[in-house]
Every structure is written in C-alpha cells, then in structure tokens.
Amino acid sequence: MSGEQPSEEVAPGSATTGSGRAAGRIVVVTGGARGIGRAIVDRFAAEGATVVIGDLTDPGPVGAGLDVAGHREWVPLDVTDEISVLEFAQSVAAGHGGVDVLVNNAGIMDTRSIADETVADWDLTMAVNLRGPFLMAKHLVPLMDGRDDPAIVNIGSIEGLGANTLHSSYAASKAGVHGLTRALAVELGPAGIRCNAVAPGWIDTELNRGYVDKHPNREQAVADLAALHPVGRIGDAADVAATVLWLADPDAGFVTGQVVTVDGGRMSRLSIPASLSDD
Ligand SMILES: NC(=O)c1ccc[n+]([C@@H]2O[C@H](COP(=O)([O-])OP(=O)(O)OC[C@H]3O[C@@H](n4cnc5c(N)ncnc54)[C@H](O)[C@@H]3O)[C@@H](O)[C@H]2O)c1
C-alpha cells in the first residue's frame with residue numbers, strides 16, 4: 001500500500017445512536033467506496049452500525065441530506081495483498097476491538113475471450129474476487145471471537161451460477177466465492193460464525209453501466225434489460241444491501257452456507273425463442 005492515511009469519519013456529524021437493526025454492530029465492508037458496497041455501508045449505518053469501509057479508493061464525503069444515524073470510516077485496503085489485509089485488521093482491532101459482520105464485496109470484472117486473456121488478467125480477477133475474501137476471512141475471523149452472532153456475507157454473482165460470454169475469469173471467480181461460502185460455513189459454524197453469499201443479478205452500478213451507455217439507443221437497451229426480469233426492472237444496489245442486512249442479522253440465525261440470488265427472477269425464467277413467446 002502507498003502511504004495513504006485513513007480518513008476520519010466519512011460522514012462528519014453522524015454518530016451511532018444505538019437504535020436500528022444493526023445498532024452497536026461493527027461492520028466491515030470491502031469495496032464500500034461506491035456501488036453495491038456503498039449501498040451496503042449506508043444501509044448498515046442507517047441501522048445504527050459502525051461501518052469500516054475497506055477500499056483502495058477514498059469513498060469521499062457522504063451526500064448531503066442523507067439521514068444516516070451511523071458512523072462510517074475509511075481504512076485503505078487492497079484485498080489482494082496480505083500485508084494490507086493484516087494492517088487493516090490491526091486498525092479495526094485497535095479502533096473497534098472486534099468485528100461482528102464482514103461483507104466481502106470488493107470485486108472486478110474482466111471481459112475478454114480466453115484467447116485474449118493473459119495469465120496476469122486471470123490472476124488479477126482471481127486475486128481480487130477470490131483471494132480477497134479468503135484473506136479477509138483468514139485475518140478478520142479472529143476479531144469475531146467472543147462477539148454475538150458474528151456473520152460473513154460474500155458478494156457472489158448470478159455469474160457464479162450461469163455465465164455471460166467473455167467472462168471466464170469472472171464467472172470462475174464468482175463460482176469460487178460460492179464454494180468458499182459453503183466451506184467457511186462448514187468450518188466456522190462450530191465457532192458460531194455463519195457465512196452466506198448474495199448472488200446479485202443486473203444491478204445498476206458503474207461496473208455495468210458502461211454496457212448500457214455504449215448502446216446507440218440507450219433507452220431501448222434499458223427497456224430490453226428490464227424486460228428480461230420477471231419483476232420488470234433491473235436491480236438497485238439497495239436491493240442487495242437489504243438482503244445482506246438480513247443475512248447478517250440474528251433473524252437469519254439458522255441460515256448458513258447459502259447463496260441467495262437477488263436478481264428480480266431473471267435466473268428463474270427459462271429462455272424461449274422470441275418467435276414462440278407469448279410475451
Ligand atoms: N453491478 C452488478 O450488476 C453486479 C452483479 C453481480 C455481482 N456484483 C458484484 O458486486 C460487487 C460490487 O460490484 P459493483 O457493481 O458495486 O462494483 P464497482 O466497480 O462499482 O465497485 C467495486 C469497489 O471495489 C473496490 N475495489 C476494487 N478492487 C479492490 C481491491 N483490490 N481492494 C479493495 N477494494 C477494491 C473499488 O475501488 C470499488 O469501490 C462485486 O463483487 C461484483 O462482482 C455486481
């Protein structure tokens with residue numbers, strides 16, 4: 001890591017109130033600077049948690065007008081780098097004394113044919129998407145010792161269940177995240193730690209907004225995408241955050257080793273040629 005210094009509170013003036021579903025919980029969210037991770041951060045903070053954002057990049061200030069009764073801070077983190085993960089864990093231990101919830105969300109997506117994909121491309125995707133959650137679990141699980149109802153939630157993908165073309169490393173890494181989730185649930189269950197994954201479908205974030213933006217008829221592309229989903233819309237980062245919150249909650253105390261798909265029903269719909277469709 002560079003010599004970047006951790007920020008003070010990301011949300012100046014906000015303070016933990018002690019109310020809300022996650023009141024008093026210490027929550028770590030990797031990749032929490034933007035997108036799905038940021039929505040997870042904001043939801044936990046709104047529910048009274050103290051949230052530590054582990055991200056390569058500074059999340060910047062929280063938007064004005066957010067009614068967030070929580071406390072967020074950024075600690076620089078590269079999930080691929082064991083030294084960085086160890087320093088992050090030390091910082092969280094020193095600042096908060098432990099961790100109740102770890103959300104492994106940081107991820108990247110490589111779009112290349114296997115002919116074009118280099119070993120370096122493949123290794124980078126695997127390092128962020130799969131080595132990252134492994135290293136975070138390895139070094140943050142000790143901080144869950146003695147906590148009430150500790151939980152890990154990994155962000156997988158529907159591409160761990162099916163695959164889009166040119167996504168060999170991404171799909172393989174996300175299937176790996178789902179496998180790691182089950183393995184951690186089995187290994188850590190006796191220590192009282194649950195581990196589940198969320199497999200989001202198409203969520204409106206920077207990660208995939210580029211696909212839509214490059215389309216000559218953006219409106220049509222958005223409508224076509226919505227029509228793929230039985231619920232008639234693509235997902236919002238808040239949809240994922242709500243599921244993560246539930247999986248981390250003691251209400252889900254008998255749920256572990258699961259991959260919960262949050263995709264508006266897209267994976268449930270069997271494809272049919274347009275010529276035979278009644279839609
Ligand atoms: N957006 C979708 O439709 C979608 C669908 C399924 C799964 N996902 C998964 O959800 C997660 C978040 O996706 P998103 O759309 O919000 O992505 P995003 O690109 O908007 O945000 C990813 C965040 O991860 C951080 N990050 C990247 N590499 C890192 C590293 N080495 N160490 C620490 N932080 C790092 C980035 O700085 C960024 O803040 C990813 O795991 C992604 O694979 C997204």
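At what angle do helix α1 and helix α7 pack, and how far apart are their axes? In this predicted model, local features need pLDDT of at least 70 and side-chain atom pairs count only at pLDDT 80 or more, whereas totals for chains, interfaces and linings use all residues. Residues are numbered from 1 along each chain as its sequence is written.

Helix α1 (residues 35-46) packs against helix α7 (residues 237-248) at an angle of about 50 degrees, and their axes are 8 Å apart. Helices (H or I, at least four residues) and strands (E, at least two) are DSSP runs numbered from the N terminus; axes are lines fitted to C-alpha atoms, for helices over the stretch in contact, and angles run from 0 to 180 degrees between N-to-C directions. The two helices α1 and α7 are therefore oblique to each other, given that angles under 35 degrees count as roughly parallel, over 145 as roughly antiparallel, 65 to 115 as roughly perpendicular and the rest as oblique. Residues of α1 in the contact include Ile36, Ile40 and Phe44, and those of α7 include Val240, Val244 and Leu245; two residues are in contact if their C-beta atoms, placed from the backbone, lie within 7 Å.

Val244 also belongs to the largest nonpolar core, which has 61 residues and in which Val27 and Val244 have the most contacts. Such a core is a set of buried Ala, Val, Leu, Ile, Met, Phe, Trp, Tyr and Cys residues joined through C-beta atoms within 7 Å. A residue is buried if 20 or more other C-beta atoms lie within 10 Å of its own, exposed if 12 or fewer, and partly exposed in between. With residues up to four places away in sequence not counted, Val244 touches Ile40, Val103, Val153 and Val198.

Most residues other than glycine have a negative phi. Asp149, in the loop between α3 (119-140) and β5 (151-155), has a positive phi near 50 degrees. Asp149 is partly exposed, with 17 other C-beta atoms within 10 Å. Leu166, in the loop between β5 and α4 (168-188), has a positive phi near 65 degrees. Leu166 is likewise partly exposed, with 15 other C-beta atoms within 10 Å.
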